[in-house]
Amino acid sequence: MTAPLRLDGQSLTLDALVAAARRPGPVALAPDAWTRIDAGRAVVDAMVADGVPAYGITTGVGSQKDFAVGADALADFNRRLITAHATRAPGPDAPAELVRAACILQLNLFATGRSGVRRMLVEALLDRVLHTAAVRFQSSTATSSSSLSSSSTAEDAARQQPTVNGDVSTLLWW
């Protein structure tokens, strides 16, 4: 059995990423990555609980950045933010290995703990990678790991495609 590609947010090489994308095998997050993810999420939860203004978390984005988003409105705000920023350009689906590479790269970025995402998002994305149930993504849509538009497009597509266990509700960034 092949040893899993262990993602820790620091040591993923381009060669390892390409190999994992081309020859699907086990992928895992390092135990300390889970600790960082939980710590990063705790920071977000504290900001929400304390009402600290945080761009895109407790405030709107863009021209709405000066408007507070209450804790009771966050779930709806996230859904609307994702829907509003998701862009779909017609075209063929991206090759599975490209989508797998993008998902592994996103998981590695989450492993740094700096994103503040919920553990359930990381688990759901890891589930997709492990079961090759990657999100279908149109190749004509722009992608980058830091773009609100591309992240929203991927999230919106993921919400429309159940995970292996049939869940579509867990994939919210915040």
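These legends accompany close-up views of a predicted model. Local features need pLDDT of at least 70 and side-chain atom pairs count only at pLDDT 80 or more, while totals for chains, interfaces and linings use all residues. Residues are numbered from 1 along each chain as its sequence is written, and side-chain values use heavy atoms, with hydrogens and water left out.

**View 1. Overall layout of the protein.** The protein has 6 helices and 2 strands. Helices (H or I, at least four residues) and strands (E, at least two) are DSSP runs, numbered from the N terminus. Their order from the N terminus is β-α-β-α-α-α-α-α. Of the 174 residues, 41% count as buried. Buried means under 20% relative accessible area, exposed over 50%, and partly exposed in between (1.4 Å probe, protein chains only). Contact means heavy atoms within 4.5 Å. Among contacts with a separation of 6 or more, 66% join residues 24 or more positions apart.

**View 2. The largest nonpolar core.** This core has 25 residues. A nonpolar core is a set of buried Ala, Val, Leu, Ile, Met, Phe, Trp, Tyr and Cys residues joined through side-chain atoms within 4.5 Å. L7, V27, L29, I104, L107 and V122 have the most contacts inside the core. Two or more residues each come from strand 1 (5-7), helix 1 (14-22), strand 2 (27-29), helix 2 (31-50), helix 4 (96-110) and helix 5 (119-130). Helix 4 gives the largest share, 6 residues. A second, separate core of 5 residues includes V69, L74, F77 and L81.

View 3. V27 lies in strand 2. V27 counts as buried because its relative accessibility is 4%. Beyond its neighbours within four places in sequence, V27 touches P4, L5, L7, R100, I104, L126, V129 and L130. V27 and L7 are 20 residues apart along the chain, with 7.5 Å between their C-alpha atoms. L29, again leaving aside neighbours within four places, contacts R6, L7, W34, I37, L107, A111, V122 and L126.

View 4. Helix 4 has 15 residues. From first C-alpha to last, helix 4 reaches 21 Å, close to the 21 Å expected at 1.5 Å a residue. The expected span is 1.5 Å times one less than the number of residues. V99, R100, A101, C103, I104, Q106, L107, N108 and F110 are buried here. The buried residues of helix 4 pack against strand 1, helix 1, strand 2, helix 2 and helix 5.

**View 5. Helix 2 against helix 5.** The two axes come within 9 Å and cross at roughly 140°. Axes are lines fitted to C-alpha atoms, for helices over the stretch in contact, and angles run from 0 to 180 degrees between N-to-C directions. Helix 2 and helix 5 are therefore oblique to each other. Angles under 35 degrees count as roughly parallel, over 145 as roughly antiparallel, 65 to 115 as roughly perpendicular, and the rest as oblique. W34, I37 and D38 in helix 2 meet R119, V122, E123 and L126 in helix 5. Helix 5 has 12 residues. Its buried residues are L121, V122, A124, L125, L126, D127, R128 and V129.

**View 6. R22 and A96.** R22 is found in helix 1. R22 counts as exposed because its relative accessibility is 55%. R22 and A96 are 74 residues apart in sequence, and their C-alpha atoms are 8.9 Å apart in space.
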